[in-house]
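The sequence and model come first.

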Amino acid sequence: MSGPVLVTGAAGRIGTWLRGGLPERGWAIRSLDIVPVGDVRPGEEHLVADVTDLDAMVDAAQGASALVHLAAVAGESTWPAISHTNIEGTYAALEAARRAGVPRVVLASSNHATGYTPRPEGGLLREVDAPPRPDTYYGVSKVAMEALGSLYADRYGLDVVCLRIGSAFAEPTTTRQLATWLSPADTVSLVDAALTAPSPGFAVVWGVSANTRNWWDLTAARALGYEPADDAEVYAEALIEVHGEPDLTDPEHARVGGEFTTAAFDAENFEQP
Ligand code: 15L
């Protein structure tokens, strides 16, 4: 690897984990966020810029060996907010990579790109059996992300790995997350695999830990070299004591996107940030 990894949204939750964990795996980091990162690490480059500012993104991408694009409105919001930050931002990230000659882009997609996909009656759900089926405007922006990534892979030969992240939190806090949790350490492992896999071309993979209750097939992620280590089951007893046993027929558990598929997540319930 030569040149740092440019990480957008570096001041956010996942960005902070990556800034801590990727250097231990040999990656130099160039952080970019619209706000300054609070705790710049030794050797870390840091830039303050808007991810939708294409000129700034092209400058930021110069000399980078890869780009990890995290910057986003990270849940449902209004259409203007989602379309601007998430869709324009993903376009700018990919176009900046192309113009600056960055060969690989890792995109933080989401399970909500296919949120209305039902839980299979048996077995694990493969990515190929979960085509775009967004549950929100947020999910639409992740479908657009995957589509833009596919375009830049096919047309310009970039390696583009889309991570359909489950629930990336310090620890699971709901019974749904007993299946969908992606631990901080596994997040670092997954992004490292996406950065390291030889010639992945265009790939879409689930991003969850080795959860006992997982129902998303990790074969494709493992083929990149991802080896999840954590299991949300260690939190099961405490969560079930509070929330009860999950009812697998409830939309929260019966669909990929869980509660995002319910009426509460209608965009009209959200205000412009
Ligand atoms: C996501 O994509 C969101 O960014 C996050 O806030 C969670 O809602 C997560 O999905 C999830 O599905 O748990």
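1. How many residues does H4 have, and what distance does H4 reach from its first C-alpha to its last? H4 has 20 residues and reaches 28 Å, close to the 28 Å expected at 1.5 Å a residue. The expected span is 1.5 Å times one less than the number of residues in the helix. Helices (H or I, at least four residues) and strands (E, at least two) are DSSP runs, numbered from the N terminus.

2. A word on the basis of the note. The model is predicted, so local features need pLDDT of at least 70 and side-chain atom pairs count only at pLDDT 80 or more, while totals for chains, interfaces and linings use all residues. Residues are numbered from 1 along each chain as its sequence is written, and side-chain values use heavy atoms, with hydrogens and water left out.

3. The buried residues of H4 include Tyr 138, Gly 139, Ala 144, Met 145, Leu 148 and Tyr 152, where buried means under 20% relative accessible area, exposed over 50%, and partly exposed in between (1.4 Å probe, protein chains only). Lys 142 and Glu 146 are also among the buried residues of H4. The buried residues of H4 pack against strands S4 (66–69), S5 (104–110), S6 (159–165) and S9 (202–207), and against helix H3 (79–100). H4 is followed by Gly 157, whose phi is positive, near 75°.

4. Tyr 137 belongs to H4, which covers residues 137–156. Tyr 137 counts as partly exposed because its relative accessibility is 35%. With Trp 79 and Val 140, Tyr 137 forms a nonpolar patch on the surface, with about 260 Å² of accessible area together. Patches are made of residues with over 30% relative accessible area and no salt bridge; like charges are joined within 9 Å, and nonpolar side chains (Val, Leu, Ile, Met, Phe, Trp, Tyr) within 5 Å. Accessible areas come from the Shrake-Rupley method with a 1.4 Å probe, and for residues only the protein chains shown count as cover.

5. Is Thr 8 buried or exposed? Thr 8 is buried, as its relative accessible area is 0%; its place is in strand S1 (residues 5–8). The side chains of Thr 8 and His 69 are joined by a polar contact of 2.8 Å. A polar contact is a pair of N or O atoms within 3.5 Å; within protein, one must be able to donate a hydrogen and the other to accept it, and residues adjacent in sequence count only if both atoms are side-chain atoms. Beyond neighbours within four places in sequence, Thr 8 is in contact (heavy atoms within 4.5 Å) with residues including Leu 32, Val 51, Met 57 and Ala 71.

6. His 69 lies in strand S4 and is buried, at a relative accessible area of 1%. Leaving aside neighbours within four places in sequence, the contacts of His 69 include Gly 89, Thr 90, Ala 93, Val 106 and Met 145. His 69 and Ser 109 are 40 residues apart in sequence, and their C-alpha atoms are 9.2 Å apart in space.

7. The search of the whole structure finds twelve salt bridges, each a side-chain nitrogen of Lys or Arg within 4 Å of a carboxyl oxygen of Asp or Glu. Arg 30 and Glu 45 form one of them (2.7 Å, N to O). This pair links distant parts of the chain, with Arg 30 in S2 (residues 29–33) and Glu 45 in S3 (residues 45–48), 15 residues apart. Arg 30 is buried at 10% relative accessibility, whereas Glu 45 is partly exposed at 36%.

8. Arg 99 and Glu 95 also meet in a salt bridge (2.7 Å, N to O). Both lie in helix H3, four residues apart, about one turn of the helix. Arg 99 is partly exposed at 47% relative accessibility, and Glu 95 is buried at 4%.

9. In the salt bridge of Arg 213 with Glu 245, the closest N and O atoms are 3.9 Å apart. Arg 213 lies in the loop between S9 and helix H7 (219–223), and Glu 245 in the loop between helices H8 (236–243) and H9 (251–254), so the pair ties together parts that are 32 residues apart in sequence.

10. One backbone angle deserves a check. Ser 199, a residue other than glycine, has a positive phi, near 40°. Ser 199 lies in the loop between H6 and S9 and is exposed, at 64% relative accessibility.
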